[in-house]
Amino acid sequence: MPSVDEAVARYAAGAFPMDDDAVLPEIPWYVAPQRAVFELDDESRAAIERKVHRSVVACDGFEVQIDEEFEAVLNLCAEPPDPDDGVWITPRMKALYRALHVEGFAHSFELWVA
């Protein structure tokens, strides 16, 4: 697994990880011909949070939380929607996302029924 600094640098360069158990020992990273990367400083992140919050507030009965249940969201996203579907969040990807989360680079936006 790459270090957090390596992963952040790869994301910033437009690369993205897509795990393949046949590729060992590292998670393979890919670069699309065109890809947008948006820098999110604290002010930008706060603006996104406000925008998401306003959108959800318009829907009665829901509440937005951020990073309250990161591990649960990660585990739920790792479950295939159908038993015959593959998964893209493998154990190695989960480890990478956890490391990014601890350092403040990965977040979960959670929509809860109030």
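Me: Let's start with the overall layout. How many helices and strands are there in the protein chain?

Reply: Keep in mind that this is a predicted model. The protein chain has four helices and four strands. Read from the N terminus, the elements go α-β-β-α-β-α-α-β. The C-alpha trace spans about 45 × 35 × 30 Å along its principal axes.

Me: And what share of the 114 residues counts as buried?

Reply: The share that counts as buried is 23% of the 114 residues. Taking contacts with a separation of 6 or more, 60% are between residues 24 or more positions apart.

Me: Okay, helix pairs next. At what angle do the axes of H3 and H4 cross?

Reply: With a helix pair, look at the distance between axes, then the angle, then the residues that touch. The axes of H3 (residues 70-77) and H4 (residues 91-102) come within 11 Å and cross at roughly 155°. Angles over 145 degrees count as roughly antiparallel, and H3 and H4 therefore run roughly antiparallel to each other. Their crossing is right-handed. On the H3 side the contact uses Phe-70, Glu-71, Leu-74 and Asn-75, and on the H4 side Lys-94, Tyr-97, Arg-98 and His-101. Sorted by class, that contact of H3 with H4 has three nonpolar, two polar and three charged residues.

Me: How do H1 and H4 cross?

Reply: The axes of H1 and H4 come within 10 Å and cross at roughly 95°. Because of that angle, H1 is roughly perpendicular to H4. From H1, Val-4, Ala-7, Val-8 and Tyr-11 meet Leu-96, Tyr-97, Ala-99 and Leu-100 from H4. By class, this contact of H1 with H4 has eight nonpolar, no polar and no charged residues.

Me: I'd like to zoom in on H4. Which residues does Ala-99 contact, leaving aside neighbours within four places in sequence?

Reply: Ala-99 lies in helix H4, and its contacts of that kind are Met-1 and Val-4. You can check sequence separation against distance here: Ala-99 and Pro-2 are 97 residues apart along the chain, and their C-alpha atoms are separated by 9.9 Å. Ala-99 has 21% relative accessibility, so it counts as partly exposed; the cut-off for buried is under 20%.

Me: What about Met-93: buried or exposed?

Reply: Met-93 is buried, with a relative accessible area of 0%. This residue also sits in helix H4. Not counting residues up to four places away in sequence, Met-93 touches Pro-17, Asp-19, Ile-27 and Trp-88.

Me: On to the aromatics. How many aromatic pairs does the structure hold?

Reply: The structure holds two aromatic pairs. For each pair, read the distance between ring centres and the angle between planes. The rings of Tyr-11 and Trp-29 have centres 5.2 Å apart and planes at 75°, so this pair is edge-to-face. It links distant parts of the chain, with Tyr-11 in helix H1 (residues 4-12) and Trp-29 in strand S2 (residues 29-31), 18 residues apart. Tyr-11 counts as partly exposed at 25% relative accessibility, whereas Trp-29 counts as buried at 17%.

The rings of Phe-16 and Tyr-30 have centres 6.2 Å apart and planes at 40°, so that pair is tilted. Here too the pair links distant parts of the chain: Phe-16 is in strand S1 (residues 15-17) and Tyr-30 in strand S2, 14 residues apart. Phe-16 is buried, with a relative accessible area of 19%, while Tyr-30 counts as partly exposed at 35%.

Conventions
Residues are numbered from 1 along each chain as its sequence is written. This is a predicted model: local features need pLDDT of at least 70, side-chain atom pairs count only at pLDDT 80 or more; totals for chains, interfaces and linings use all residues. Side-chain values use heavy atoms; hydrogens and water are left out. Axes are lines fitted to C-alpha atoms, for helices over the stretch in contact, and angles run from 0 to 180 degrees between N-to-C directions. Helices (H or I, at least four residues) and strands (E, at least two) are DSSP runs, numbered from the N terminus. Angles under 35 degrees count as roughly parallel, over 145 as roughly antiparallel, 65 to 115 as roughly perpendicular and the rest as oblique. A crossing is left-handed if the near helix is turned anticlockwise from the far one by less than a right angle, and right-handed if clockwise. Contact means heavy atoms within 4.5 Å. Ala, Val, Leu, Ile, Met, Phe, Trp, Tyr, Cys and Pro count as nonpolar, Asp, Glu, Lys and Arg as charged, and the others, Gly among them, as polar. Rings of Phe, Tyr and Trp (its six-membered ring) pair if their centres lie within 6.5 Å; planes under 30 degrees apart count as stacked, over 60 as edge-to-face and the rest as tilted. Buried means under 20% relative accessible area, exposed over 50%, partly exposed in between (1.4 Å probe, protein chains only).
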